[in-house]
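Subject: Structure handover

Hello,

Here is the structure for your files. Please open it alongside this message, as the notes refer to it throughout.

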Amino acid sequence: MYISETQDFISSPYLTHINNVVKNSEMLLANYTDERNRSSVTEPWTYSCEKNKCIRKLHSDLSSEVRVTFLSCAMTCGDNVNIWPLPKSAQMKKTIQNIHLSNIQYKIETPFPNVADLMHKAVALFVSDIKQVMKANGADFGSKSINEENVTVNILMKILEFNETILTMQSDECYHLFIKQQDTSLNISITSKTFFGARHALETLQQLIWYDDAIHSLRILNSVNINDCPKFNYRGLMLDTSRHYFSVGSIKRIITGMAHVKLNRFHWHIVDSQSFPFVSEFYPELSKYGAYSSKEVYTHSDISEIVEFAEVRGIQVITEIDAPAHAGNGWQFGSEKGLGELSLCINQQPWNRYCGEPPCGQLNPKNNNTYMVLEKLYSEIVNLTKTTDIFHLGGDEVNFDCWRQFFKGADLKKLWCDFMIEAYDRLVTANNDESIKYATIWNSEFEKVKCLPAENFTIQVWLAKNPELKRFIDSKYNLIISHVDAWYFDCGFGTWRSTSGEGVCPPFKAWYTVYNYQPWNELYLTSEQMKQILGGEACMWTETVDEYSVDIKIWPRASALAERLWSDIKKFSIPVETVQRFSIFHTRFLDLGLKSDVIWPEYCEQNLNECII
Amino acid sequence: MAFTTSLRRLLIGLLFVMALCLMLLYFNESQSLLKPASSFLINSFDTRHNKLNPSEKAWTYKCVNQKCVRQHYSNKNEKRVPFTSCSMLCGSYSKIWPEPTKSYIGTSANSFNLNDVQFKIKTPFKNVENLLESAFSIFMEEIKDIFHSSSDRKTEEVSKSSTTANYKERSPLDTKHRRHNLTNVNIFLYVIKTSEIHLSLTTDECYNLTMINEHQTVEVRITANSFFGARNGLATLQQLIWFDDEDESLKIIGSANIADCPKFNYRGLMLDTSRHYFSVESIKRTLVAMSHSKLNRFHWHLTDSQSFPFVSKYYPELAQYGAYSSNEIYTRDDVRDIANFAQVRGIQILAEIDAPAHAGNGWQWGPEKGLGELSLCVNQQPWSSYCGEPPCGQLNPKNNNTFIILQRLYQELLELTGPTDMFHLGGDEVNLECWAQYFNDTDLRSLWCDFMQHAYHRLTIANGGQSIKMANVWSSGLTSMPCLSNKNFAVQVWGGSQWSENYQLIDAGYNLILSHVDAWYLDCGFGNWRATGEAACSPYRTWQQVYKHKPWQAMRLNKQQMKQILGGEVCMWSEQVDESSLDSRVWPRAAALAERLWSDPQDENEYAISKETFNRFSMFRNRLVQLGLKAEPIFPKYCAQNQDECV
């Protein structure tokens with residue numbers, strides 16, 4: 001059993017060490033210091049709790065009463081549990097204790113050294129998040145709090161059962177968080193079976209702590225009992241880095257946001273027919289011919305850095321090399337190297353005959369070298385991302401007119417099918433001959449051909465609705481839901497190809513559309529069938545998004561998805577409570593240094609009850 | 001003791017000498033630049049991440065059939081041609097956004113060094129000369145920024161300089177790096193006719209630009225009747241300059257002949273700073289992009305019922321009660337700063353205190369100060385009975401103090417942003433139910449009418465007794481009844497472009513500013529934030545829709561009626577936008593409007609947008625990003641690198 005020494009928040013040699021690691025390698029912290037520090041200070045307003053509502057009033061300088069900040073009111077007024085995503089079960093008294101960062105200690109108990117190591121890092125992130133929140137709320141780290149109280153905060157974290165640090169479909173992410181005060185000591189106990197659970201508990205704890213700029217103190221709710229478990233294991237966000245390149249820093253920023261809302265799968269659609277930014281060590285030609293420029297690439301060390309960054313945040317990175325369609329630029333080098341044509345129809349015009357959007361390109365299913373290259377790519381990715389039981393093979397939107405030019409008379413559907421099976425076999429080889437239970441492919445060809453075995457293949461559903469969806473369930477497939485009419489974040493900005501006609505998938509999916517979507521309700525599944533729904537994922541295709549606008553396209557909508565997949569509260573309309581909690585969380589998200597689109601006017605943020613009908 | 005004293009003296013002496021050296025160094029440095037930059041010249045917003053087009057050494061471009069074709073750069077004996085250079089020189093269409101009225105642009109380019117740019121201003125008007133000098137400094141600063149953000153060498157130098165500290169000697173701007181056919185660039189600016197430095201409805205913004213390349217010199221002549229014309233000429237010239245990452249140098253087109261005039265005088269962008277607060281920096285960033293698009297009116301919807309961020313000298317209570325926080329305010333200095341920043345960029349600030357509706361928070365303190373109720377229904381619930389969106393609030397039309405305050409506010413804003421022949425009074429969406437609670441026996445519509453007349457009267461007093469030629473009001477029930485004189489009032493039409501009000505207002509003889517919700521509202525398409533259900537104005541307006549909207553054609557206006565159209569404006573209402581999403585919501589769509597209003601090009605195809613326009617727009621969007629704007633991409637980067645392949 002590993003039991004760490006009690007570590008002090010400020011002077012812990014361990015944290016100091018980790019902070020140095022953070023500074024030196026930037027592995028842990030996203031580098032987004034270029035943004036101005038936001039101020040959440042709402043002087044001159046004071047809030048009073050009247051009939052379970054926080055009412056904004058002007059605070060007079062002459063008043064002898066201390067100003068009550070928005071959060072000090074909102075955290076204690078009414079019955080809302082201000083945590084996003086909402087925990088499964090939470091009891092709390094709305095009583096406050098002022099605390100000081102230097103009086104917080106923590107201790108880790110676990111039989112697994114690797115878990116202990118990761119947990120120390122997670123605590124380091126927690127501390128830096130709290131500091132970030134303090135800064136955003138006007139904390140001056142030099143000054144002493146008005147109400148200096150000598151309360152010691154002890155955080156005890158117990159992770160007893162599993163040593164895993166990369167998720168599988170079986171991972172237990174539950175946790176128990178218990179806060180209780182006895183005189184001058186405030187005890188916080190976190191218990192979980194895995195690292196993931198304990199890390200989630202820290203995210204929850206972080207939301208129970210806030211900084212009050214009127215009394216210059218950090219505050220916490222001091223009587224809390226939370227038992228929390230996610231409804232779905234797979235809670236994903238997909239980013240396409242082929243239509244536009246996204247810097248490593250911007251990807252880290254997205255992963256940071258995911259961690260705060262307990263999303264746990266970063267699906268990295270790393271290449272497509274537009275560009276191939278992944279620098280393979282076996283086939284560097286792919287990115288040489290396929291990247292937008294020699295700077296707009298992801299090297300092995302970039303990917304490792306991102307994977308490690310995600311691991312500390314309880315997030316798995318799933319990297320997809322889409323195939324056989326959506327593979328063009330990058331694959332041109334075959335003939336030159338004596339490998340034959342690896343991809344067909346590359347950049348062929350008129351594009352609308354040979355692919356869904358320009359430029360075209362589709363792998364050559366009859367060239368054995370194609371599979372050889374794929375196998376090498378898979379093996380690189382398996383190693384870099386520490387693949388467990390899930391992998392994404394792409395597999396969507398094959399254009400048969402493209403292949404027909406080369407393989408006249410062939411059964412093209414079978415060609416696609418054989419391609420996917422061969423790709424799967426190569427994946428297993430790349431995975432040291434261990435089979436992968438959840439090889440995921442997009443659903444588009446599935447309706448046409450049912451040839452892939454359900455024990456190995458999982459379907460990411462973006463089109464099929466009932467009854468097709470139900471048929472997938474009946475055929476025993478596991479599903480990841482990403483329906484275009486609810487969880488595609490690129491929709492609603494019109495078509496970029498020409499003027500006339502509709503965009504791909506209008507309209508824009510507002511956060512409440514994302515939130516309200518619960519397609520499993522319409523399927524009337526047995527609890528056994530329900531297990532086939534692994535979870536859901538929001539997709540950020542990037543035809544008209546680059547790293548400057550990606551944050552506001554993803555947030556706060558991915559937070560809405562997060563609560564759907566974590567808590568899955570069944571309601572047909574969004575209750576007032578949820579809107580208010582979402583607004584409070586939105587502010588917290590910005591305080592954490594992240595960027596997000598807004599929900600409603602700032603006035604409504606400050607006057608939570610006034611803007612809802 | 002004596003020793004320590006002398007040591008101390010020596011040290012102090014040394015310090016003094018060092019300080020002097022530093023000062024001299026500094027002085028020398030600023031000498032080598034242009035005139036010292038004043039506060040409005042510097043865009044303090046972050047430009048570090050401007051590497052939109054990191055050097056693409058893997059590709060070379062060939063001009064084939066008037067388009068640039070990307071090829072893998074493998075033949076190292078051949079010189080690599082970067083996209084920027086190819087796209088500027090390939091194809092017979094102009095590369096300028098908005099498209100000039102008439103232009104010939106040569107297809108040869110010269111490398112030049114920033115230090116070899118000279119300029120001369122010829123004008124009989126001292127004030128014009130001063131302003132042009134500032135405009136020119138901005139021109140140079142921006143080119144320098146583009147150079148620095150694009151050049152690899154600079155990045156390397158900076159990282160080296162931390163250890164070797166001789167960065168200045170090896171600056172790429174320095175003559176050491178002359179290795180191509182570097183050219184002197186001599187720019188002559190002529191402003192002959194008018195000394196006006198404040199934009200008006202009659203300002204002549206035309207210019208002529210000629211460029212001749214002779215004996216290692218490019219001579220640029222910009223001739224205009226006004227400062228504004230000459231500045232527009234500079235904006236065009238800037239688009240004929242780019243950075244070539246193969247030669248590691250700036251390039252300029254060798255020869256050009258451009259005669260350019262805007263179609264409409266009023267080319268506006270409205271930003272609402274009440275639903276969300278926008279920092280002064282983010283407003284300046286918007287102004288920078290406007291100046292390159294040749295948009296010339298920044299309509300600042302300064303206050304609304306949600307918040308009152310303007311800190312009035314006379315009535316600080318308004319901001320005290322109305323601002324979101326003591327940080328989220330605009331002081332008089334802020335407004336003046338923004339007005340100056342805009343002026344030198346050829347932009348007029350039109351600040352609007354919306355009244356009588358859209359005025360709530362900030363106006364609550366009347367009774368407390370013995371002035372009576374200044375605004376009614378402030379934050380009244382249920383809001384849907386008393387206003388269009390929460391929170392409610394509507395000025396009290398029967399309290400004379402309301403008008404006294406308005407007059408003072410007008411006076412302050414005129415001082416800070418004027419002089420002007422145009423002002424915006426708001427005047428929209430009065431909720432008669434609100435007033436009906438207080439004024440049972442009155443004809444409420446005439447109350448509204450009287451209010452606007454009274455406000456206009458106060459505006460005249462605020463303007464020193466001189467009446468303002470054009471007071472703008474939003475279209476509403478009021479503008480469709482005989483109340484406001486078309487001599488003094490212009491109407492900003494925001495209803496649908498198909499609505500009959502368009503024709504009625506033209507027939508009633510009003511001058512119009514068009515802001516049709518179905519084309520030029522940039523806030524639409526993000527869903528309704530109040531509840532589920534349809535949003536106010538979905539869907540999103542794409543840049544293509546913004547661009548294609550030309551209601552004056554659809555309305556078949558005759559020449560006389562056409563004069564009533566002063567221009568148009570895109571509106572950025574900010575219920576669902578704050579400063580972190582501002583850039584990507586507004587840009588590049590506002591630039592699409594800019595070309596519609598500047599050149600109003602006649603397209604061959606009524607529905608589609610030409611490849612040429614796509615290419616030019618994509619290039620302009622890249623320029624905006626280089627200037628530090630987070631403008632949204634218009635298509636995948638592949639399409640930006642491969643002209644015509646995606647259209």
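The notes below cover the barrel, an annotated site and the cysteines.

This is a predicted model, in which local features need pLDDT of at least 70 and side-chain atom pairs count only at pLDDT 80 or more, while totals for chains, interfaces and linings use all residues; side-chain values use heavy atoms, with hydrogens and water left out. Residues are numbered from 1 along each chain as its sequence is written, and chains are lettered from A and ligands numbered from 1 in the order in which they are written.

The barrel

In chain A, eight strands close into a barrel, with parallel pairing, in the order β12-β13-β14-β17-β18-β19-β20-β21. Neighbouring strands of this sheet are turned by 30° against each other on average, direction ignored. Helices (H or I, at least four residues) and strands (E, at least two) are DSSP runs, numbered from the N terminus. Two strands pair if DSSP finds at least two bridges between them. One such pair in chain A is β18 (residues 438-442) with β19 (residues 457-461), parallel and held over four bridges. Within β19(A), Phe457(A) is the residue opposite Ala439(A).

Helix α11 of chain A (residues 412-430) lies across β14 (316-323), β17 (390-394), β18 and β19 of chain A, and its direction is at about 145° to β17(A). Axes here are lines fitted to C-alpha atoms, for helices over the stretch in contact, and angles run from 0 to 180 degrees between N-to-C directions. Contact means heavy atoms within 4.5 Å.

The annotated site

An unreviewed UniProt entry gives the feature "active site" at Glu429(B). UniProt positions are in the numbering used here, feature names are shortened, and annotations may be inferred rather than shown by experiment. Glu429(B) sits in the loop between β16 (422-426) and α11 (432-436) of chain B. With a relative accessible area of 42%, Glu429(B) is partly exposed; buried means under 20%, exposed over 50%, and partly exposed in between (1.4 Å probe, protein chains only).

Apart from neighbours within four places in sequence, Glu429(B) is in contact with Ala357(B), His358(B), Gln394(B), Trp448(B), Ser476(B) and Trp494(B). Its side chain and that of His358(B) are joined by a polar contact of 2.8 Å. A polar contact is a pair of N or O atoms within 3.5 Å; within protein, one must be able to donate a hydrogen and the other to accept it, and residues adjacent in sequence count only if both atoms are side-chain atoms.

The cysteines

Over all chains, the structure holds 16 disulfides, each a pair of cysteine sulfur atoms within 2.5 Å.

- Cys54(A) and Cys73(A) are bonded with their sulfur atoms 2.2 Å apart. The S-S torsion is about -105°, so this disulfide is left-handed. It links distant parts of the chain, from strand β4 (residues 53-58) to helix α2 (residues 70-74) of chain A, 19 residues apart.
- Cys206(B) is joined to Cys261(B), S to S 1.9 Å. The torsion about this S-S bond is about 105°, so the disulfide is right-handed.

Which cysteine sulfur is closest to that of Cys539(A)? The closest is in Cys491(A), 9.6 Å away, which is too far for a bond. Cys539(A) is buried, with a relative accessible area of 0%.

Regards
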